[in-house]
Amino acid sequence: MRDGLYEAEGIVFTDDCIVVPVSLRQYMLDLIHESHLGIENSKTRARELLYWSRMNLDIEETVANCDICNMYQRAHQREPMIPHEIPAERFLKTGLDIMSLHNKDILLLLVTSPNIQKCYLCRTRQPRP
Ligand SMILES: [Zn+2]
């Protein structure tokens with residue numbers, strides 16, 4: 001249990017988090033988990049406002065037993081960073097990418113030489129309505 005319990009208007013707090021009574025824990029778990037954010041995001045969301053002694057374990061069990069979370073678990077994983085090799089000659093390597101900024105689609109052209117790396121921005125489409 002944390003230090004510094006205090007009460008305000010019938011609600012018990014510790015470290016600015018609401019101490020959730022047993023009778024409301026399942027309801028709070030349902031609220032925390034309604035977006036199916038996965039274990040870590042659900043824990044982070046809960047820790048900002050709520051506290052009970054087994055909160056992390058209860059969240060882990062809830063997410064582990066959720067068919068939707070289990071179905072999309074792989075989709076929540078980040079893609080690994082793949083570093084590029086440094087080219088040995090001028091303009092040996094170029095790259096293209098597409099990004100959106102302020103509702104505009106932008107084509108990025110990256111040109112790499114031994115001494116220079118330049119990135120060109122080329123607007124590819126008009127702003128979307
Ligand atoms: Zn879920």
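Which residues are buried in α1?

Reply: Happy to. First, a word on the ground rules. Numbering starts from 1 along each chain as its sequence is written. The model is predicted, so local features need pLDDT of at least 70 and side-chain atom pairs count only at pLDDT 80 or more, while totals for chains, interfaces and linings use all residues.

Now to your helix. In α1, the buried residues are L29, I32 and H33; buried is used here for 20 or more other C-beta atoms within 10 Å of a residue's own, exposed for 12 or fewer, and partly exposed for anything in between, with C-beta atoms placed from the backbone. Looking down the axis of α1, these buried residues fall within an arc of 80°, so they line one face of the helix; that arc is taken over the directions from the helix axis to the C-beta atoms. As background, an α-helix has 3.6 residues a turn, so residues three or four places apart point the same way.

What do the buried residues of α1 pack against? Their partners are α2 (39-47) and α3 (55-64), where a contact is a pair of C-beta atoms, placed from the backbone, within 7 Å. On the face turned away from the buried side, α1 carries the exposed residues S23, Y27 and D30.

For the setting, the protein chain has 4 helices and 7 strands. Helices (H or I, at least four residues) and strands (E, at least two) are DSSP runs, numbered from the N terminus. In that direction the elements run β-β-β-α-α-β-α-α-β-β-β. Of the 129 residues in the chain, 6% are buried.

Four of the strands make an open sheet in the order β1-β2-β3-β4, with mixed pairing; two strands pair if DSSP finds at least two bridges between them. The edges are β1 (5-8) and β4 (50-51), each with a single partner strand, so one side of each has no neighbour in the sheet. β1 pairs with β2 (11-14) in the antiparallel sense over 4 bridges, and Y6 stands opposite F13 in β2.

Further along, β5 (93-101) and β6 (104-112) pair in the antiparallel sense over 9 bridges, with K93 opposite T112 in β6. These two strands form a hairpin with 2 residues between them, and H102 in the turn has a positive phi of about 50°.

Note on methods: Contact = placed C-beta atoms within 7 Å.
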